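Work through these exercises with the model open beside you. Each task is followed by a stepwise solution.

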Amino acid sequence: MRMSCLFPAAAGLLCLALSGPAGASELWSVTSPKGSCHISFGQDPVAEGIFAVTQHDFACPENLKAISGYSMNNGDGTIIFYSTASGLEQVARADKEQPGIYVGMTLDGETLQVVHSDVAEPQPELTPEPAAGKAGCLPYAGGGCAQPNDIGAPDVAAGITSIHMVTRMNVRAMPGTEGAVLGRVEAGQCLDIVGCVEQNGTTVWCEVKMKSYRGWVLKQDDRKVYARNACG
């Protein structure tokens, strides 16, 4: 077990107990619905109690590109992000959900996930096999043709507020395979959903409520259905 710590003098303590080889990256991914960036937390002060953030992506979305400073509050429980481009302006806040994962919101009301690179180690996404069986059959990941009521996004307005996993899948920070992996769900697991989004007319991602965080699970794509609509 390696202890990875960042502790600027007056900024509190940002410290994670993480397994991994010595010298592993200290990068963090910061993700909003508009995209993701990689940053690192520095020890150079930019104002009293506020320290420098280094950006590592040229293609960082505009709402995250503004982040250039941070402060720690409540020990290591809260990160406040600042822009120092024209004075000092708070642009986002994230609260600790578990070691290596912070969840919060930007100043313009968008959700924010801040995840340490050791926690968000990229995991291979399940690669669906070509659909088997009769023409027009969209199969479940576990086999067999999906029932019509399991195809498409759950009808939340009609009271369907859960999905039932038929295979193991990643939980991601945003609806897309570019989102950081926050965890996994197993076949047979029932998940409460906040809502779902449809992409390209065939792919459905659902935002799910985990024990200590929220994330996105691929519900179906153009080849397979990975979760049934509703549990039970």
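**Exercise 1. A hairpin turn**

In the hairpin of strand 14 and strand 15, which residue takes a positive phi?

Solution. Start with the ground rules. This is a predicted model, where local features need pLDDT of at least 70, side-chain atom pairs count only at pLDDT 80 or more, and totals for chains, interfaces and linings use all residues. Residues are numbered from 1 along each chain as its sequence is written, and side-chain values use heavy atoms, with hydrogens and water left out.

Step 1. Define the elements. Strands (E, at least two residues) are DSSP runs, numbered from the N terminus. Strand 14 covers residues 190-199, and strand 15 covers residues 203-209.

Step 2. Read the turn. The hairpin has 3 residues between the strands, and Asn200 takes the positive phi, near 60°. Asn200 is not a glycine. Most residues other than glycine have a negative phi.

Step 3. Check its surroundings. Asn200 is exposed, with a relative accessible area of 74%. Exposed means over 50% relative accessible area, buried under 20%, and partly exposed in between (1.4 Å probe, protein chains only).

Step 4. Look for another case. Asn74 has a positive phi of about 55° and is not a glycine either. Asn74 is found in the loop between strand 6 (69-73) and strand 7 (78-83). Asn74 is exposed too, at 63% relative accessible area.

**Exercise 2. Strand partners**

Step 1. Two strands pair if DSSP finds at least two bridges between them.

Step 2. Begin at strand 11 (residues 162-165). 3 bridges join strand 11 to strand 14, and the two run antiparallel. Ile163 stands opposite Leu191 in strand 14.

Step 3. Move on to strand 15. Here 6 bridges join strand 14 to strand 15, again antiparallel. Gln199 stands opposite Thr203, and Gly195 stands opposite Glu207.

Step 4. Finish at strand 16. Strand 15 and strand 16 are joined by 6 bridges and run antiparallel. Val208 has Gly215 of strand 16 as its bridge partner. A hairpin of 4 residues joins these two strands.

**Exercise 3. Glu207**

Is Glu207 buried or exposed?

Step 1. Glu207 lies in strand 15.

Step 2. Read the accessibility. Glu207 counts as buried, at 16% relative accessibility. Strand 15 is mostly covered, with 6 of its 7 residues buried.

Step 3. Compare sequence with space. Glu207 and Gly195 are 12 residues apart in sequence, and their C-alpha atoms are 5.6 Å apart.

**Exercise 4. The second largest pocket**

Which residues lie nearest the centre of the second largest pocket?

Step 1. On a 1 Å grid over the protein atoms alone, a pocket is an open set of points where a 1.4 Å probe fits, with protein on both sides within 12 Å along at least five of seven lines; lining residues have an atom within 4 Å of a point.

Step 2. Name the residues. Thr111, Gln113, Ala173, Glu207 and Trp216 lie nearest the centre, out of 15 lining residues.

Step 3. Find the strands. Strand 3, strand 9 (101-106), strand 10 (111-116) and strand 16 (214-220) each supply at least two lining residues.

Step 4. Give the volume. The pocket holds about 220 Å³ of space, taken as the space filled by probe spheres set on grid points joined across faces, edges and corners.

**Exercise 5. Aromatic contacts**

How many aromatic pairs does the structure hold?

Step 1. Count. The structure holds 5 aromatic pairs. Rings of Phe, Tyr and Trp (its six-membered ring) pair if their centres lie within 6.5 Å; planes under 30 degrees apart count as stacked, over 60 as edge-to-face and the rest as tilted.

Step 2. Examine one pair. Trp28 and Phe41 are edge-to-face, 5.6 Å centre to centre with 85° between the planes. The pair links distant parts of the chain, 13 residues apart: Trp28 is in strand 3 (residues 28-32) and Phe41 in strand 4 (residues 35-47).

Step 3. Check burial. Trp28 is buried at 5% relative accessible area, and Phe41 is buried at 9%.

Step 4. Widen the view. Trp28, Phe41, Phe51, Tyr70, Phe81 and Tyr102 form one aromatic cluster.
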